[in-house]
Amino acid sequence: MNEQKAGKLLIIDDNQDLLNAAKIFLKRHFSRVDTECNPEKIPHLLQSDNYDLILLDMNFTIDVSTGQEGYFWLDKILEIDPSAIVVLITAYGDVNTAVKAIKQGATDFVLKPWDNDKLLATLHSAMKLKKVSNENSSLKSQHKQLYADLDKQFKDIIGNSEPMQQVFDTIKRVARTDANILITGENGTGKELIARSIHRNSYRDEEAFVTVDLGAVTESLFESELFGHKKGAFTDAKEDRPGRFEMAQGGTLFLDEIGNISAPQQAKLLTALQNRNVTRVGSNNPIDIDIRLISATNMPIQEMIQTGQFRQDLLYRINTIEIQLPALRDRIADLPLLVEHYIKTYAKKYNKEVHKASEAALSRLMKYDWPGNIRELQHSIERAVIMSASSILQPEDFFFNASHKEDKKNSKFDLNHLNIEEVEKLLIRKALDKNFGNITEAAKELGLTRSSLYRRLEKYDL
């Protein structure tokens, strides 16, 4: 089938002879052509069918020269279907009529009596616009859905502790500005979560949130990844490709692990931020950028400036506002809320009947150091939910490796201080480590009953 015959056309005019002539000519070029001489039937027609294109007369018998009736029905059509492509028919075509019609939402207009070739060319152009409009609408929907899906895991920031209240207060103050923000904190504290929350509460929330893990970008691909490249710019450049700055146009660009980039990379990034434009690799044409920049690092930036590892002028560019995220051990009051949240999340994901953690389990979790912060807690809860055979998580469902500061401190016998309780504590820890936190197996290893081991765990606050 011819490409032009893919669309459905509706023609509305009070001249029946014109309708007949138009239908005879246009049915060779459209898959279906419907005609109507009574504009009052427009609502019913549009609610009963989907038309790719509407050809609408501007002057009906009630008002034969001003075009006001045509404007009225144009508004009605767009009210029913805001995406409708409407071409107006007028015998009084002048600049003012065309400008007003297009301002009100018309795609184009044709003069009658028309030339068939010009009419067909106008309608074909309108059909192309409809196709592009549909594609853009689809892409926009996919784009919004993509970021909605990505945002699901960051929908809420969980915490009521004082350190987190300070973070929330800062987010409220800075979100609806375009100030560049630097988020600092240890690995696993949720820096990207905070960046997404700032974007979601900003004026740019309907545009893209684009992330770059600078720690994973090689020196050779840095410019291409951030600024884009032209086809043939280097061996693998098989097509033009926009960089992350362009992808974030109008939205937010999140540069994670910014403390990891080299001095040459810092210089290139600074130039782009100062000039507010980027130039694709292989091109000489700068592209203006309009982004909100949020950066993050777990590195000691101030110390790196003192040692010459990070440029101070770049720091000034990226941290108009700095948000310091507390480690989990510094907001341990939030742990019960986090545990509850992740149990619900993973019980649903893995279809497990796990409802909560026992008081003993929570007590053990509260005493742990959490060197991996929220990320480590999340993984611990996920593993516990998967492996648990009970609806309530117990202390033995959690296994912590020797990275715990207290485990490290007590990992060897002190032959100068052979305190019997300290030796027993160490043996219990080793048995738990060896059996991956399984209380039953650890008790067997130690020659104890489960209840005896639980009493010792409580006694030694383990």
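Me: Which side chain does the side chain of Ser-161 make a polar contact with?
Reply: A polar contact is a pair of N or O atoms within 3.5 Å; within protein, one must be able to donate a hydrogen and the other to accept it, and residues adjacent in sequence count only if both atoms are side-chain atoms. For Ser-161 the value is 2.6 Å, and the partner is the side chain of Asp-334.

This is a predicted model, where local features need pLDDT of at least 70, side-chain atom pairs count only at pLDDT 80 or more, and totals for chains, interfaces and linings use all residues. Residues are numbered from 1 along each chain as its sequence is written, and side-chain values use heavy atoms, without hydrogens and water.

Me: Is Ser-161 buried or exposed?
Reply: Buried means under 20% relative accessible area, exposed over 50%, partly exposed in between (1.4 Å probe, protein chains only). Ser-161 has 8% relative accessibility, so Ser-161 counts as buried.

Me: Where is Ser-161 found?
Reply: Helices (H or I, at least four residues) and strands (E, at least two) are DSSP runs, numbered from the N terminus. Helix H5 covers 116–152 and helix H6 covers 162–174. Ser-161 is in the loop between H5 and H6.

Me: Which are the edge strands of the open sheet of five strands?
Reply: Two strands pair if DSSP finds at least two bridges between them. The order is E7-E10-E13-E6-E14, with parallel pairing. Each edge strand pairs on one side only: they are E7 (209–213) and E14 (321–324).

Me: What is the bridge partner of Ile-183 in E14?
Reply: Strand E6 spans residues 181–184, and four bridges join E6 to E14. In E14, the partner of Ile-183 is Ile-323.
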